[in-house]
Amino acid sequence: MTDGILGKAATMEIPIHGNGEARQLPEDDGLEQDLQQVMVSGPNLNETSIVSGGYGGSGDGLIPTGKSISCARREVWVGPQRCLVYLREAGVRELDPLGSGRHPSHSTTPSGPGDEVARGIAGEKFDIVKKWGINTYKCTKQLLSERFGRGSRTVDLELELQIELLRETKRKYESVLQLGRALTAHLYSLLQTQHALGDAFADLSQKSPELQEEFGYNAETQKLLCKNGETLLGAVNFFVSSINTLVTKTMEDTLMTVKQYEAARLEYDAYRTDLEELSLGPRDAGTRGRLESAQATFQAHRDKYEKLRGDVAIKLKFLEENKIKVMHKQLLLFHNAVSAYFAGNQKQLEQTLQQFNIKLRPPGAEKPSWLEEQ
């Protein structure tokens, strides 16, 4: 029965699409199931020979797929298209179309300059990651030994005292900045209330003839207070803006340099400890090379540490001078403006703003663009 089915498969015409693929007919479904059953129940394809000719064809079209078993060799008669389909489904590699049975050769192209460049970049990245890992390990070890009191630490007492004083000063100035912003918010709310109260008094003076005079001068008083309040608010805003620049720009920039200095100090101590451990060890050919490499690395980190220590000292000096200059001006402005406002001296209040070159924007005016500020 199997031979009859296979003979029928070999003599049937296989329709081909325009793209060269076989189009499956409805009556081929049963045949395909029978062939799949034969392929499963029959011997392994690696032990079977496939003849690609028609029914009754010669053995010249025999396509060996592997070694043949000696007991019984089975020949399956199928068309060429169906043969390739079942070979692919069975996981067999595509064979030579001439029937030689040899697999197609894969030529290896020689590596070009692009491959060399890619390998060079990969090597550089690997070296960077390797150096980073070694440096992180040494610094972490040094940090833990300092925390547990087992390792030595390089300390510049005078510089450490200045750094700690800077951090304390920054915390206090941040508190002043927060209070100044709160005062600005309260003054703005007070101005809004006084402005609304002055409008209410002016409206009532028009609707109450018997109290027109009293409502009138109260409305004028509130308007004058609003004008003075706007002048005071401009002075306080300038004060707050200057403190904010000092804290978030100048002090923060110096503290960033301090952080770099502290990281360099930790690396310096880590490689110093490593060099001391190698110096106490045995001296042989391998250790001598490692000792020279450690000495060079230690010297590089020492130079970096010394440079950053000098940068921190210079920035701390300039920061102190700039802080004194800025705060002298701002504290004088704040004192004169607040005193003139609560004394009701409008002329002195305006002179204070002119003295410090503060220009007030009218209510509702938009903020000038950065081109206008330049």
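**Salt bridges and nonpolar core**

Glu262 is partly exposed, at 30% relative accessibility (buried means under 20% relative accessible area, exposed over 50%, partly exposed in between, with a 1.4 Å probe and protein chains only). The model is predicted, so that local features need pLDDT of at least 70 and side-chain atom pairs count only at pLDDT 80 or more, while totals for chains, interfaces and linings use all residues. Residues are numbered from 1 along each chain as its sequence is written, and side-chain values use heavy atoms, with hydrogens and water left out.

The side chain of Glu262 forms a salt bridge with that of Arg167, at 3.1 Å from N to O (a salt bridge is a side-chain nitrogen of Lys or Arg within 4 Å of a carboxyl oxygen of Asp or Glu). This pair links distant parts of the chain, with Arg167 in helix α5 and Glu262 in helix α6, 95 residues apart (helices are DSSP runs of H or I, at least four residues, numbered from the N terminus). Arg167 is partly exposed, at 26%. The count of salt bridges comes to 15. Among them, Lys307 pairs with Asp311 at 3.2 Å between the closest N and O atoms; both lie in helix α7, four residues apart.

The largest nonpolar core has 41 residues (buried Ala, Val, Leu, Ile, Met, Phe, Trp, Tyr and Cys residues joined through side-chain atoms within 4.5 Å). Helix α6 supplies the largest share, 17 residues. Ile163, Tyr261 and Val312 have the most contacts inside this core. Beyond its neighbours within four places in sequence, Val312 is in contact (heavy atoms within 4.5 Å) with Leu159, Ile163, Thr257, Val258 and Tyr261.

Methods:
Helices (H or I, at least four residues) and strands (E, at least two) are DSSP runs, numbered from the N terminus.
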